[in-house]
Amino acid sequence: MKPAEFDYLGAESPDEALDALGRHGEDARVLAGGQSLMAMLNMRLASQQILIDIGRIEPWRYVRADGGVIEVGAGTTQAELLAWPDLAAKAPLLAKALPHVGHLQTRSRGTVCGSLCHADPSSELPLCLAVLGGEVVLKSAKGSRTLAAKDFQTGMLSTARKPDEIAVAARFPVARAGTGYAFEEVTRRHGDFAIVAVAAAVSGPSVRVAVGGVADRPMVREWTGLTEADMADALNGLAWEMGGFDDIHATARYRRELVRRIGARVIEEARTCRS
Amino acid sequence: MPLLKRGTLHPISLVVDGVEVTGHAEPRMLLVDFLRRVLGATGTHVGCEHGICGACTIRLDGEPARACLLLAVQADGRRVDTVEGLASADGALSVLQDAFHRHFALQCGFCTPGMLMTLQGFLEDNPDPTKDQVRAALSGNICRCTGYSEIVDATLDAAARLRNQDQAATNPT
Amino acid sequence: MSETKETSVAEGKYVGRPVLRVEDGPLLRGRGQFIDDLPEKPTTLHAAILRSPHPHAEIMAIDAGEALALPGVHAVITGQDIKPLTTPLIVGFKNEMDYRGIALDRVRYVGEPVAIACAADRYKAEDALDLIKVTYKPLPAVVDPVEAAGDDAPVLHPEQGSNVVSRRVFTHGAPDGAFAGAPHTAEMTVRYPRNALTPMETYAIVAEYLEDSAMYDVISNFQGPFSVHTVMALGLKTATGKLRHRSPVNSGGSFGSKLTIFPYVVLMCVAARLTGRPVKWIEDRLENLSAANSAPNRVTTVEAAFDDDGMVSALRFENWDDHGAYLRAPMPAPIYRMHGLSTNGYTIPNLEVTNHIMVTNKCPTGAVRGFGGPQLYFAIERMMQKIALTLGLDPLDVIRRNLIPAGSFPHRTAAGALLDSGDYQKTIAETVAGGGLDELKRRRDAARAEGRLYGIGYATAVEPSQSNMGYISTLKTGKEREEAGPKDGAVASAQVMVDALGSVTVVGDSVPQGQGHQTTLAQIVADELGLRPEDITVNLETDTHKDGWSIAAGNYACRFAPAATSAVHVAAVRVRDKLARIASQNLNVAPEDVEFKDAMIRARDNPQNALPFYRVGGLAHWSPLSLPEGMESGVREAVSWNAPELTPTNANDEINTSLAYGFAFDFCGVDINRDTGTVRIDHYVTAHDCGTILNPGLAEGQIRGSFAAAIGATLFEEFVYGEDGSFLTGTYADYLVPTAPEMPELSLIEPTVHPSPFTRLGAKGIAEGNQFTTPVCIANAVADALGREDITIPLTPSKVAGWIHPEEAPPPSDMPTVKAPPPRKGRALSGGGETFVPVPPAEVWRLLLDPRTLAQVIPGCHELEQTGENAYRAVVDAGVGPVRGRFEANIRLSDLVEGESIGLSGEMLGPLGSSSGGGTVRLAARDGGTAVGYRYDVHVAGKVAAVGGRMLDGAARILIGQFFEALIRQAGGGQGAPTEGWWRRLLKAMGLAP
């Protein structure tokens, strides 16, 4: 299990990385924490002409709260975000979900933006970004643009990022007073990819819920003023709409069943923990 | 940094267990292979090469990391700590290593370097952990021999001893 | 292991105490000596192995030209290169299968070696693998052992003529009569899955061929039994003396698996000979999971005959034991190793066993901790619970009354095992009291009152240790056995030496992988010689050219505690006796009045009359003439120990399969989550009477380790194959092993022990017990919680939820289509959909049949050439996200109905794996454009199926989406479509567009 050959650029500035990516386009791959990419390179599931390592770009390593938004730079690791002192107050959902992302030794390297770009349908950070209605800032040598979560992740392992773009920051809205947040996932083991993960933000009669692991990307629904019975129907409808899939860990039916059962629980928890 | 071309060797300088060393590697060479095959530091083990078993865990600039998911070129100019640097210069086992010994917390010993490196960092950040916290910290390290309970016990024991040491150091009698 | 644990040991003795391990220092410091840590010769080549992506296929051609042209690549070796230098690797009975560790002209499982690349380093060797082109002709595969016996099943080995490679029926007592006369009978079928313990260090070999002496010189982490050394030498067509095998100081776990490294030893020997260089191969984890080893999966139908009290008079087993594509020595040993224990620890006098040994398109089997026991005891102990349920009795009462009564040991079982010692009822009584069964029953009742799904399970197991090397002959008929000559016994070898300054060195044949053998042997020898364990050097590296060894040498079947320790003990006693005789001259006392204590040899009744140990030992070296008359010089005792109780299989097929038999009893309480189906182990109690405990720290480690492995097998681990033979658990993200947070607390009871009368120290094995008891104990608890009979492991939450959840809520009535995909058969991707292309059907038809258009619309297509009428060859870069690879595709069009429909079929092959399948495309005019309907059915095999399974459905949808988007672009963008929104919406609904 050794990677095929590639060139390597340890970019030291944003411009160096963006220029290189602009020149190499599809032949290049951005290496941030490498916790998914390196495994795929070792298995030779992925093979790239050139890796552009952005891990040394200091200006991209930051977490800051500004104007109702928590912005996380491209080089910021999951462990750094988890250790951010304001996390529990400003992003209680991330505080709940981040400990479920991988393990100690992978969070120390794996980046927040890298996880969003990898776009695994079961992973926690894309789910959180989706339910919170966050954004991803994409930048190329030619300019930058900002995409809403729903426009960023287009499918399994697929995003709207163009080959010359780097996701330079993720933006999570700061938690609003009066809104409760909850997260729960079912995994085979501690730290595994979720079979089903559910995140919810509940504010008054308004419920925003996102489900990961069932469709090819996190699915978000927003409901207002549903009774308890309506809620069960709505979750059932969502479960059937996503369909789910069979794999060696779980059946499609099990996934749908968890949407109904966990979904109701997570929404209820979010409702009761409103600040 | 210049573009490092495939198929050619590039010099890499780093500090391994406190000692400055230099070696050469292709861009694709994994850090764990560089440590073992180029530097001869075979204490770090290769268990799965896809980032799950934890046997190759080292600390990169102090943070625990999988050496199979890092390239040697990424470690250029950085500090890498491995199991080989845990014992003190006079050869005495560290408190954690000693606790592993006293609790029968290793059998074949192949996963042990990764376990120790994960826990060393964990105990620095969590000097007084609960049993469940220790277990969670170990979720990225597979051991097939012990069943983990001895490892958890050894870790809690080491944590207690380290706290006592700290206390003794701050309250000299 | 608490440091202050009280142990009842003889005063001043080390045996019985938790002496800390002498092995630990180097391992804790990162200075272990595992094979890959050892220096290698500068000329060493590194091997990588190309493996079959197909479960079953003929090899039509192998082209290594490009690979060999790569700088640094020295050789590519195929089965045809191996063949002239080898003969088929033998197993314990005559058969027609030609197995050499590498495919010759046919592959029979995913992961089977096809070619070996030898290069300057492992990176380059893997580069070479990517460039080797193999042409396969896929064949149908069979993975179920019962189906494999069917008339229409594909036959794996045509020369053998059948997938049933051995069938034997054993009758002990009079089972037919017992069943006919029984007041009650019951029957159930159980299935035991494929799993293995996947050690953290994988297979490792360095082989060299010494041309001048025609010698193969190998170092590997082979674990024995060394009977398999003869299999390797015969396979290499060489004398056993011309195959030197060494094992290093450290081996990173095995749990049985490193037995079946031996075919790779043969391959690397030949590779070394052909390249003229040392060849090193370190198995990687993908190879390890797909192709190293697995326990046989087994389907067992068990019947019991019993009376109103639950006393069982007869058992009948029909076993379908699935060994994968080939038998590798000593397979099918697991089922025969347990033959004597077919009635567990029960008094059941009548028994019938039918064993079908099956081959299927899966990885060949090997040794896995438990070795046949988990499969057997799962059937028996599930049946004991069923008997209790049938009669409305307490399952523990049924177990207790059927167990062999105390005071009747040694006891001969129906199938011939001679159970040496024990008091099973007492072990149970102590465990029930110490483990809190009454309290557990109260917890269960309270939980049930709250509406929770809570159950209690029990299991017992007789734990065999030190196998009889003759048991495998039981699968032969009496006549065949007579012709082959007797096979029996189990020899253990050891040497204890004292050098000129009194240092003591012990050499043994136990080939440990972390069990602490050095520590234990040092304890034993220290006790005999009045020294401390740290004074004793124990060397357990092996070298077939220098050691005393026999066919039983190695580490397997709990051999160490009963046998390896016995040999060392005998040698130590002989050394002591010799030194006592020497000392007695100077001390002027009789040798029997000499004692060894505190590094002194002294008169027992006058401790002042003493000599230092080193002086007495030294005398035999420095002054042989001073020795008592007739005594040999030096102090070196080499012992070959055997147990006379290990007799050959008799004419009635009765066999004492093992030497010493411990007893384990477990009970547990489980709490099943109604929402998630998660089985939480609320309370687990285990007890083992394994005779003398040599070192409680090490013994406890073995029990806890076995328990963790059994938790893995029960809740997490399975090598999963699709019905089409594809392998689906190729990474540690698919084959899930428990980590620390998954482990329940284990309540370990220390019952009264009953030492074995047949081993020197009374010790029995302890390392396998929970493999036997834990899976079925938890299964019984789950059965109790759910009131369900059919329990299969692993108990995945999804599976358990499927047992407990009521019928699924239907989709809302206003939802028009439900896109739940059909259940999948293995790695077959089936699907379909409809899309809209904004040009009329005739134009779509033209586009689809135009090679230039196809080249434009097939995602990642680099080249496309027409190879015949309606046949194309294409080179495609296919993938999703970063997962991407180059494939060569052959596509054929058929059943063309102009403007209406096309059939498609084809294959794709590349380093990532292969796929084959077909589909149909139907065109219908709609709204000035064309509604394109499609269905596909594709089998995916190889790496991408094994490691990327989770992603495949989504990947297929994305690629199809890309195809139609490109087709729509080719057809003129959105021009003429009813509205762009309409087809975008449709794509969206199918998950094909953002």
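How many bridges join strand 1 of chain C to strand 5 of chain C, and do they run parallel or antiparallel? Six bridges join strand 1 to strand 5 (residues 113–119) of chain C, and the two run antiparallel.

This is a predicted model, in which local features need pLDDT of at least 70 and side-chain atom pairs count only at pLDDT 80 or more, while totals for chains, interfaces and linings use all residues. Residues are numbered from 1 along each chain as its sequence is written, chains are lettered from A and ligands numbered from 1 in the order in which they are written, and side-chain values use heavy atoms, with hydrogens and water left out.

**A covered strand in chain C**

Let us stay with strand 1 of chain C, residues 45–51. Helices (H or I, at least four residues) and strands (E, at least two) are DSSP runs numbered from the N terminus, and two strands pair if DSSP finds at least two bridges between them. In strand 5 of chain C, C:C118 is the bridge partner of C:A47. Strand 1 of chain C also runs parallel to strand 12 (residues 279–282) of chain C, joined by two bridges, and there C:L45 stands opposite C:V279.

Seven of the seven residues of strand 1 of chain C are buried; buried means under 20% relative accessible area, exposed over 50% and partly exposed in between, with a 1.4 Å probe and protein chains only. One face carries C:L45, C:A47, C:I49 and C:R51, the other C:H46, C:A48 and C:L50, and both are covered.

**The sheet of chain B**

In chain B, five strands form an open, mixed sheet in the order 2-1-5-3-4. Its edges are strand 2 (19–25) and strand 4 (63–66) of chain B, each pairing on one side only. Neighbouring strands are turned by 40° against each other on average, direction ignored; axes are lines fitted to C-alpha atoms, for helices over the stretch in contact, and angles run from 0 to 180 degrees between N-to-C directions. Strand 1 (residues 10–16) and strand 5 (residues 79–81) of chain B pair in the parallel sense over two bridges, with B:V80 as the partner of B:V16.

Two helices of chain B lie across this sheet. Helix 3 (residues 112–125) of chain B lies across strand 3 and strand 5 of chain B, at about 40° to strand 3.

**Where chain A touches chain B**

A:N42 sits in helix 2 (residues 37–42) of chain A and counts as buried, at 1% relative accessibility. Leaving aside residues up to four places away in sequence, A:N42 touches A:M1, A:K2 and A:P3 as well as B:L30, B:E49, B:C68 and B:L69; contact means heavy atoms within 4.5 Å.

**A buried serine**

C:S756 belongs to the loop between strand 29 (747–749) and helix 19 (769–786) of chain C. Its relative accessible area is 4%, so C:S756 is buried. C:D420 is 336 residues away along the chain, yet the two C-alpha atoms are separated by 6.1 Å. Among the residues that C:S756 touches are C:D420, C:S421 and C:A660. The side chain of C:S756 also reaches the backbone nitrogen of C:F758 at 3.0 Å.

**Aromatic pairs**

Rings of Phe, Tyr and Trp (its six-membered ring) pair if their centres lie within 6.5 Å; planes under 30 degrees apart count as stacked, over 60 as edge-to-face and the rest as tilted. There are 19 aromatic pairs over all chains. One of them is C:F409 and C:Y424, edge-to-face at 5.1 Å centre to centre with 65° between the planes. C:F409 lies in the loop between helix 11 (395–402) and strand 16 (411–412) of chain C and C:Y424 in helix 12 (residues 424–435) of chain C, so the pair ties together parts 15 residues apart in sequence. Both C:F409 and C:Y424 are buried.

Most residues other than glycine have a negative phi, and most peptide bonds are trans. Here are some exceptions.

| Site | Feature | Value |
|---|---|---|
| C:M331 and C:P332 | cis peptide bond | omega about 5° |
| C:I793 and C:P794 | cis peptide bond | omega about -5° |
| C:D598 | positive phi, not a glycine | about 50° |
| C:D927 | positive phi, not a glycine | about 50° |

C:D598 lies in the loop between strand 23 (594–597) and strand 24 (600–603) of chain C and is exposed at 59% relative accessible area. C:D927, in the loop between strand 35 (913–926) and strand 36 (929–941) of chain C, is exposed at 53%.

Conventions
A polar contact is a pair of N or O atoms within 3.5 Å; within protein, one must be able to donate a hydrogen and the other to accept it, and residues adjacent in sequence count only if both atoms are side-chain atoms.
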